[in-house]
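Please read them beside the coordinates.

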Amino acid sequence: MVPRPVLFGTAVVAVAVALIPVAYLGVRTAEAGGERIAEELFTARVGLLALRTLGLAAVVTAGCLLLGVGSAFLVTRTDLPLRRFFGVLAALPLAVPTYIAGFAWISTVDRFEGFWPGALVLTLCSYPYVFLPVAAALTGADPAQEEVSRSLGRGAWRTFTDVTLRQIRPALTGGGLLVALYVLSDFGAASILRVDTFTRAIFIAFDLGFDRTAALVLSTVLVVLTVLLLAGESATRRRGERYARVGAGSRRPPARSRLGWARWPAVAALAGVAALALGVPAVSLAQRMAAGVSRPGSLGEIAVAAGNSLWLSLAGAALTMLLALPIGLLSARAPGPLTGLLERLSYLTHALPGVVIGLSLVFFGINVAYPLYQTTWLLALGYAALFLPLAVAAVAGAAAQAPPILEEVARSLGRGPVAVLRTVTLPLTLPGIGAGAALVFLTCMKELPATLLLRPTGTDTLATELWTHTTVNAYAAAAPYAALLVLLSSVPTWLLAARSGILESEGGR
């Protein structure tokens with residue numbers, strides 16, 4: 001039986017829209033014929049690309065889990081000095097695009113390229129994907145369960161592993177999955193630091209080799225790897241677990257663990273991570289800033305590019321959240337095989353490089369939806385296809401922690417599904433919707449390949465202007481665009497940090 005037919009039907013439509021690029025990929029790949037596909041697929045190079053890409057995803061995800069969970073626990077559950085300051089610092093790397101971080105590192109450290117430098121840069125840029133949801137989950141988790149565990153004689157470590165981790169498990173696995181998918185699709189760090197992954201190989205085949213068939217086959221392999229990754233994550237889920245609690249009247253902060261002698265080593269560790277993630281890009285941009293803004297007319301160009309970035313990102317975030325809302329609500333309120341399949345399908349395009357998404361939607365716009373071609377909304381559709389999982393995870397996480405019994409009570413009083421959604425469900429999940437919108441807006445601001453292909457003619461953004469200047473080695477001229485992009489991206493990042501609860505005072509609950 002189909003769960004919640006209206007919500008399910010809306011979610012099906014949303015997933016279908018997001019899968020337009022995958023449909024294009026399948027059609028174009030099939031046109032090449034089985035012999036050509038086999039010729040491109042069954043090679044040693046493809047095997048090495050798969051091992052290197054999966055290895056990079058595994059290393060970066062492990063590093064992000066370590067940094068994200070450790071930072072979140074320190075700023076939410078301990079007496080760490082300046083914990084709110086360090087909470088904001090831990091979130092800010094999300095505002096630094098990987099192509100800016102990669103350029104900063106390679107221009108600062110000689111011969112900084114290859115697998116491990118790429119893993120370092122991606123980890124430093126991506127660990128907030130774990131830190132923010134885990135910090136929010138730790139802040140909102142019920143301390144009573146941990147207190148009961150401690151009263152039964154369990155120590156701090158066993159309570160953390162047996163009780164706390166179980167409470168924050170959705171945030172932990174969701175953040176780790178987003179990191180892994182982000183690594184699979186990243187082009188910025190991979191290209192600048194010369195890490196030979198699928199995304200770099202696809203771009204070379206498209207842009208330099210003019211070999212569209214090879215690029216499409218490699219993109220299809222990337223989709224297969226994504227399916228395997230999603231299947232593995234789904235297999236680790238535990239059915240029947242509930243993470244919501246009823247009512248907010250007893251909500252209170254948990255007791256903070258005393259770090260003792262470890263306080264200042266913890267401060268040094270967090271400061272060191274912030275220096276690597278934020279300090280290196282900041283110093284690199286500062287060295288080139290003055291020359292970049294000294295060109296006549298550059299300030300006006302920067303202002304126009306900033307306005308375009310804000311408008312296009314706002315349109316992309318609005319469409320993405322509209323598509324994500326039914327999928328996230330269905331995932332939280334009606335879990336099951338069909339719902340799980342829909343949710344996983346919405347993740348497929350997140351691992352595709354932006355160049356593949358862009359080309360697929362160019363084809364779609366020209367041949368199927370010509371009125372959308374060269375418009376803001378075709379680019380917004382590209383953003384939605386790329387970043388839908390970010391919004392779905394935010395909505396589903398918020399809905400999972402909102403007590404479903406309140407909706408059941410509303411229905412028992414005679415309210416219909418639409419009225420319950422409007423008066424109960426949406427208000428309960430509104431904080432998660434806001435957090436998801438901020439995260440999507442942030443990632444739209446930073447996105448480059450799809451923006452280059454899908455933006456309306458004559459519309460330049462901070463990211464495209466940055467790319468234009470760096471391709472001709474005009475690094476001084478590119479610096480102001482990079483600095484403003486990071487500055488504007490820091491605003492939604494700060495909002496995400498505030499949403500996580502790390503900025504609340506001790507008595508703020």
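1. Basis. This is a predicted model, in which local features need pLDDT of at least 70 and side-chain atom pairs count only at pLDDT 80 or more, while totals for chains, interfaces and linings use all residues. Residues are numbered from 1 along each chain as its sequence is written, and side-chain values use heavy atoms, with hydrogens and water left out.

2. Whole chain. The protein chain has 24 helices and zero strands; helices (H or I, at least four residues) and strands (E, at least two) are DSSP runs, numbered from the N terminus. Of its 509 residues, 52% are buried. Buried means under 20% relative accessible area, exposed over 50%, and partly exposed in between, with a 1.4 Å probe and protein chains only. Taking contacts between residues at least 6 apart in sequence, 84% join residues at least 24 apart, where contact means heavy atoms within 4.5 Å.

3. Helix α11. This helix covers residues 169-185, and at 1.5 Å a residue its 17 residues should span 24 Å; the end C-alpha atoms are 24 Å apart, which agrees. The expected span is 1.5 Å times one less than the number of residues. Because 14 of the 17 residues of α11 are buried, the helix is largely enclosed by the rest of the structure.

4. Helix α6. Eight of the eleven residues of α6 (residues 98-108) are buried, so this helix too is largely enclosed by the rest of the structure. The buried ones are Thr98, Tyr99, Ile100, Ala101, Gly102, Phe103, Ala104 and Trp105.

5. Helices α4 and α7. The axes of α4 (residues 44-77) and α7 (residues 115-126) come within 9 Å and cross at roughly 40°. Axes are lines fitted to C-alpha atoms, for helices over the stretch in contact, and angles run from 0 to 180 degrees between N-to-C directions. The two helices are therefore oblique to each other: angles under 35 degrees count as roughly parallel, over 145 as roughly antiparallel, 65 to 115 as roughly perpendicular and the rest as oblique. The contact residues include Arg52, Gly55 and Leu56 of α4, and Phe115, Trp116 and Gly118 of α7. By class, the residues of this contact are nine nonpolar, five polar and one charged. Ala, Val, Leu, Ile, Met, Phe, Trp, Tyr, Cys and Pro count as nonpolar, Asp, Glu, Lys and Arg as charged, and the others, Gly among them, as polar.

6. Helices α5 and α8. Here the axes of α5 (residues 83-91) and α8 (residues 128-140) come within 9 Å and cross at roughly 135°, and the pair is therefore oblique. Gly87, Ala90 and Ala91 in α5 meet Pro128, Phe131 and Leu132 in α8. The contact comprises five nonpolar residues, one polar and no charged.

7. Met321. Which residues does Met321 contact, leaving aside its neighbours within four places in sequence? They are Ala391, Val395, Ile433, Gly436, Ala437 and Val440. Met321 is in helix α16 (residues 298-333) and counts as buried at 9% relative accessibility. Met321 and Ala437 are 116 residues apart in sequence, with 6.4 Å from C-alpha to C-alpha.

8. Ala391. This residue lies in helix α19 (residues 376-401) and is buried, with a relative accessible area of 0%. Not counting residues up to four places away in sequence, Ala391 touches Thr320, Met321, Ala324 and Val440.
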